[in-house]
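Biologist: Please take me through the pocket and the sheets of this model, one question at a time.

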Amino acid sequence: MDPRDLLRPSVANVERYRAIEPIEAAAARRGISPDRILRLNANENPYGTPLRVQEALASFDQYHLYPDPESREIRALLAGYTGMDARRIIVGNGSDEIIDLLFWLFVAPGESVMIPTPTFGMYEARAAVFGAAVRAVPRRPDFSLDSDAMEAALTPDVKLVFLASPNNPSGNLCREREIVRLLRRGVIVVVDEAYFEFSGRTVAPLVGEFDNLVVLRTFSKWAGLAGLRVGYGLMPRWMADEARRIKQPYNVNVAAQVAVRAVFDEMAYFRSTIRRIRLERLRMYRALRKLNFLKPLESKANYLLVHVLHGGSAALQDWLEEDGIFVRRYSSPDLADYVRISVGRPEDTDRLMRRLTVLAQRYAREMS
Ligand SMILES: Cc1ncc(COP(=O)(O)O)c(C=O)c1O
């Protein structure tokens, strides 16, 4: 008997999620030195982890104890940060873990989730793992939601709707009235605000109004803690109670809890880096718009989706990687001609633009 036959049918054919390659692996693949790598493919914080957060991690001396299973301190801090009752907050090992918790809570194998595409690939990837069907509803050409199509596709087997706002990779927000329209249909609506700090727009106040709304947030982007894995969900109390019942008891590790405390001690610093990233987003958008083979989309997040009008996205990615600059490209047909570029520091934009300008000149020569 082949033990592979014992695999759960739903996981037997699941494709591996294409996660971000570590710096050393990317450098080895391209035959360049790791210190030349500029990572503009993961929407991480280009300013890194501040020294005070590193010091808090280094001086903590209780790593031999299990973490608080209820993340009480983080939730109390988040209650202050979000204005939300701590009993409505669930903290996870990245917001990715909260996505899994929502599948555990709501979606049985064979049931469905609705995903307006293109969007963050994790929703579809985890649906596959949980044996759920995906009802993909294409966004309009400008990447806004097609609310009529979504409502029409909202049959009773659809348990969750995932709405990233700002959307990854297009950077645009969902309109509140579109979200409310779906909420009124009774389905669980998950508004993923991973990039909230860069947009300043949230539907969190609606969590107190609707019993079927979840808002996801993370420390991976604005707070520079992607490597420590901390995310959270704002949800109705009944749902938070259910999530607490089924989650892994020690899901948020001690280092993550120490780091979050230090982040809240350093809010002035983080506000200033968020401001810098928002300013740089505009500067990068304007610079990219000047290159006639690229068309950047306006974005409310810390990345820009860029339409590659000439030469193709694969050639563009290759050209940048040759110089150590890594951007995100997509395998799905609806994004074949796009790349997503994270907003870095001003010097990162300058380096990116120098390399792109050479390619623009080459294309211009070829066309003349
Ligand atoms: C829309 C969206 N949601 C969630 C995540 C995952 O965040 P975390 O690092 O908290 O798991 C990402 C990360 O890229 C994202 O783009």
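Biologist: Which elements each supply at least two residues of the lining of the second largest pocket?
Modeller: This is a predicted model, where local features need pLDDT of at least 70 and side-chain atom pairs count only at pLDDT 80 or more, while totals for chains, interfaces and linings use all residues. Residues are numbered from 1 along each chain as its sequence is written, and side-chain values use heavy atoms, without hydrogens and water. Helices (H or I, at least four residues) and strands (E, at least two) are DSSP runs numbered from the N terminus. The elements that each give at least two lining residues are α12 (267-289) and β9.

Biologist: Which residues lie nearest the centre of the second largest pocket?
Modeller: A pocket is an open set of points on a 1 Å grid over the protein atoms alone where a 1.4 Å probe fits, with protein on both sides within 12 Å along at least five of seven lines; lining residues have an atom within 4 Å of a point. The lining has 23 residues, and its largest share, five residues, comes from α12. Nearest the centre are G171, N172, E298, S299 and K300.

Biologist: From which domains does the lining of the second largest pocket draw at least three residues each?
Modeller: Domain bounds come from an automatic or database domain assignment. The lining takes at least three residues from each of domain 1 (3-48 + 268-360) and domain 2 (51-266).

Biologist: Which residue is the bridge partner of R328 in β12?
Modeller: Strands β11 (residues 325-329) and β12 (residues 338-342) pair in the antiparallel sense over two bridges. In β12, the partner of R328 is R340.

Biologist: Which are the edge strands of the open sheet of seven strands?
Modeller: The order there is β2-β8-β7-β6-β5-β3-β4, with mixed pairing. Pairing on one side only, the edge strands are β2 (89-92) and β4 (133-138).

Biologist: Which residue in β6 does A164 stand opposite?
Modeller: Strand β5 (residues 158-164) pairs with strand β6 (residues 188-192) in the parallel sense over five bridges. The residue opposite A164 is D192.

Note on methods. Pairing = 2+ DSSP bridges.
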